Amino acid sequence: MDIALVNGKGTVSFKASGRGTTKNWRIAVPAMTYNGLPIAATVSRTFPLSVR
C-alpha cells in the first residue's frame with residue numbers, strides 16, 4: 001500500500017479485524033531523493049495494534 005506524504009506525514013485508514021484481535025504492523029520507507037537530497041531506506045520494528 002502506498003501512502004502519500006504531506007509535510008513528512010501520512011495517514012492510512014483500515015477496517016479493524018474485530019474486537020479482541022491484534023495485528024502486527026511494520027512501517028517501511030524506501031530509499032528516495034527529495035529536493036536532490038538522499039533519504040535512506042528504513043524499516044521499523046514490528047509493533048502490535050490491538051482492537052478493544
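1. Asn7 sits in the segment before β1 (22-25). Strands here are DSSP runs of E of at least two residues, and helices are runs of H or I of at least four, both numbered from the N terminus. At 77% relative accessibility, Asn7 counts as exposed. The cut-offs are these: exposed means over 50% relative accessible area, buried means under 20%, and partly exposed lies in between, with a 1.4 Å probe and protein chains only. Asn7 and Ala31 are 24 residues apart along the chain, and their C-alpha atoms are separated by 17 Å.

2. A word on the basis. This is a predicted model, in which local features need pLDDT of at least 70 and side-chain atom pairs count only at pLDDT 80 or more, while totals for chains, interfaces and linings use all residues. Residues are numbered from 1 along each chain as its sequence is written, and side-chain values use heavy atoms, with hydrogens and water left out.

3. The protein chain has six strands and zero helices. Its radius of gyration is 14 Å, well over the 10 Å that the globule rule gives for 52 residues, so the chain is more spread out than a compact globule. That radius is taken over C-alpha atoms, and the rule is 2.2 Å times the number of residues to the power 0.38. Along its principal axes, the C-alpha trace spans about 45 × 20 × 15 Å.

4. Buried residues make up 0% of the 52 residues. The chain exposes about 5,100 Å², and carbon and sulfur atoms supply 56% of that area. Accessible areas come from the Shrake-Rupley method with a 1.4 Å probe; for residues, only the protein chains shown count as cover.

5. Ser50 belongs to strand β6 (residues 47-50). At 39% relative accessibility, Ser50 counts as partly exposed. Ser50 touches Thr21 and Thr22, leaving aside residues up to four places away in sequence. Contact means heavy atoms within 4.5 Å.

6. Tyr34 lies in strand β3 (residues 32-34). Tyr34 counts as exposed, at 56% relative accessibility.
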